[in-house]
Amino acid sequence: MLIIKGGRVIDPKSGTDAVMDVLVKDGTIAEVSAGGAEPWLAEAGNRGEEISVLDASGLAVAPGLIDVHVHFRDPGFTYKEDIQTGARAAAAGGFTTVICMANTKPPVDNVETLEYVLSEGKKTGIHVLTAANITVGMKGEQLTDMELLKAHGAAGFTDDGMPLKNAALVKQAMEEAVRLNVPLSFHEEDPSLIANNGINQGAVSAQLGIGGSPAAAEDVLVARDCMLALHTGAVIDIQHISSGNSVRMVELAKQMGAHVMAEVTPHHFTLDETAVLTHGSLAKMNPPLRTAADRQEILRGLREGVIDIIATDHAPHSAEEKSRPLTQTHSGIIGLETALSLGVTHLVRAGHLSMVQLLEKMSLNPAILYHLEGTKGWLGAGADADLVIFDPEASWTVEHFQSKSSNSPFIGETLHGVVRYTICGGKIVWENR
Ligand code: NCD
Ligand code: ZN
């Protein structure tokens with residue numbers, strides 16, 4: 001048994017933000033109550049039971065974070081990350097559940113690769129789930145055997161990294177997803193409109209003399225897939241939303257009754273296209289950082305509940321890959337170890353979200369998308385003892401990573417919010433005091 005004593009309990013399900021004690025038994029939360037620690041200790045003493053007490057005074061105690069978008073690069077690109085190091089980076093960032101993307105080598109379009117990822121994930125101490133591919137070889141031509149992959153444990157489906165060009169195929173995938181009751185996640189950028197990936201088409205790309213990737217490339221696919229979701233009834237996740245028009249499109253689709261959720265990354269709510277001028281390749285990702293006005297619309301979407309989920313798109317790449325010229329370097333940045341602090345600093349302290357709302361977007365809503373909300377994403381009796389305990393006031397300077405890669409534009413930044421403990425299934429999997 002474990003008592004977490006005197007912490008600021010934040011539960012997005014009940015809206016609680018209050019000092020409480022938490023009793024953990026057999027990997028489950030047994031009770032949450034103000035002043036519960038003394039009677040629990042006395043009862044345990046009477047029964048002669050072993051009990052440890054974790055003093056959480058001054059710390060926030062919240063449901064373990066859930067990231068619906070990570071790239072652990074395993075199998076195939078383990079020089080960038082592997083499932084063990086990815087999971088360690090996740091735990092260090094306060095995450096207890098992650099959904100791996102399926103753009104590995106080979107991709108997760110087959111049962112063997114799926115089972116490899118899941119079995120390696122079981123060795124990590126956190127919950128490593130994975131999506132499988134929508135199309136064979138991520139070629140956008142032929143659907144995978146989604147039913148078989150779901151039966152072997154695929155949490156959802158995506159060709160993330162590769163946009164789907166064929167609307168009929170997307171519709172067919174949505175119909176299958178409805179039948180199987182699984183979510184589909186979409187990377188929304190029409191390649192026919194893109195000159196160069198990863199840099200917004202606009203003032204900065206003009207200054208750099210490159211073509212860039214326009215917001216229109218994202219907007220047209222978001223519009224298509226929102227409408228297909230409306231017509232099919234599928235539950236879809238618009239991945240890493242970056243343009244203001246896409247935020248408005250998702251808002252409209254929701255009003256019309258489509259089952260659309262949208263995720264935003266910490267970098268898209270923190271930075272804009274000008275970061276490319278200072279951070280170079282470390283500010284290159286797909287879709288790109290866009291204008292200050294797009295960022296303002298993302299913040300509005302977060303405040304007004306249009307954007308439900310914060311997901312990192314943790315995309316490790318080697319130092320060599322990130323040192324190539326801007327138009328040739330790989331797109332993507334790591335994110336697991338800075339996500340909570342960027343949320344605390346740029347959303348909560350900046351006054352856009354309450355702490356409860358931040359945790360809703362980093363635990364409860366991701367749990368709902370993946371049907372995990374029976375026991376995950378909230379903090380109360382009966383929930384899994386997957387917890388993050390962090391100091392919301394303390395600050396740290398981003399420097400070293402548990403990840404194998406260090407492609408982050410936030411190196412050198414001082415951020416608020418320090419993860420002190422990550423607890424998964426009642427066990428401490430990360431500690432930093
Ligand atoms: C991701 C990657 O590196 O796998 N890159 C990126 O720029 N976001 C792919 C993706 O999430 O689309
Ligand atoms: Zn993507």
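Three protein residues hold the zinc ion (ligand 2) in this predicted model. The donors are D160 through OD, H187 through ND1 and H240 through NE2. They lie 1.9 to 2.2 Å from the zinc ion. Along the sequence, the donor residues follow the spacing D-x26-H-x52-H.

D160 and H187 sit in separate loops. The loop of D160 runs between β9 (157–158) and α5 (167–180). The loop of H187 runs between β10 (184–186) and α6 (203–208). The pair therefore ties together parts that are 27 residues apart in sequence.

What does V24 touch beyond its neighbours within four places in sequence? Its contacts are M1, L2, I4, A30, A385 and G426. L118 is 94 residues from V24 along the chain. The C-alpha atoms of V24 and L118 are separated by 26 Å.

Next come two helices. Helix α7 covers residues 215–232, and helix α8 covers residues 244–256. They pack at an angle of about 10°, and their axes are 9 Å apart. Angles under 35 degrees count as roughly parallel, so α7 is roughly parallel to α8.

Which residues meet where these helices pack? From α7 come E218, D219, V222, A223, C226, M227 and L230. From α8 come N245, S246, M249, V250, A253 and M256. The residues of this contact divide into 9 nonpolar, 2 polar and 2 charged.

The model also holds an open sheet of 3 strands. The order is β6-β7-β8, and the pairing is parallel. Which strands stand at the edges? They are β6 (65–70) and β8 (127–130). Each has a single partner strand, so one side of each is left without a neighbour in the sheet. From one strand to the next, the twist averages 20°.

Strand β7 spans residues 95–100. β7 and β8 pair in the parallel sense over 4 bridges. I99 stands opposite L129 in β8.

Terms used
Residues are numbered from 1 along each chain as its sequence is written. Chains are lettered from A and ligands numbered from 1 in the order in which they are written. This is a predicted model: local features need pLDDT of at least 70, side-chain atom pairs count only at pLDDT 80 or more; totals for chains, interfaces and linings use all residues. Side-chain values use heavy atoms; hydrogens and water are left out. Contact means heavy atoms within 4.5 Å. Donors are N, O and S atoms within 2.8 Å of the metal (3.2 Å for Na, K and Ca); water is not among the atoms, so sites may look incomplete. Axes are lines fitted to C-alpha atoms, for helices over the stretch in contact, and angles run from 0 to 180 degrees between N-to-C directions. Angles under 35 degrees count as roughly parallel, over 145 as roughly antiparallel, 65 to 115 as roughly perpendicular and the rest as oblique. Ala, Val, Leu, Ile, Met, Phe, Trp, Tyr, Cys and Pro count as nonpolar, Asp, Glu, Lys and Arg as charged, and the others, Gly among them, as polar. Two strands pair if DSSP finds at least two bridges between them.
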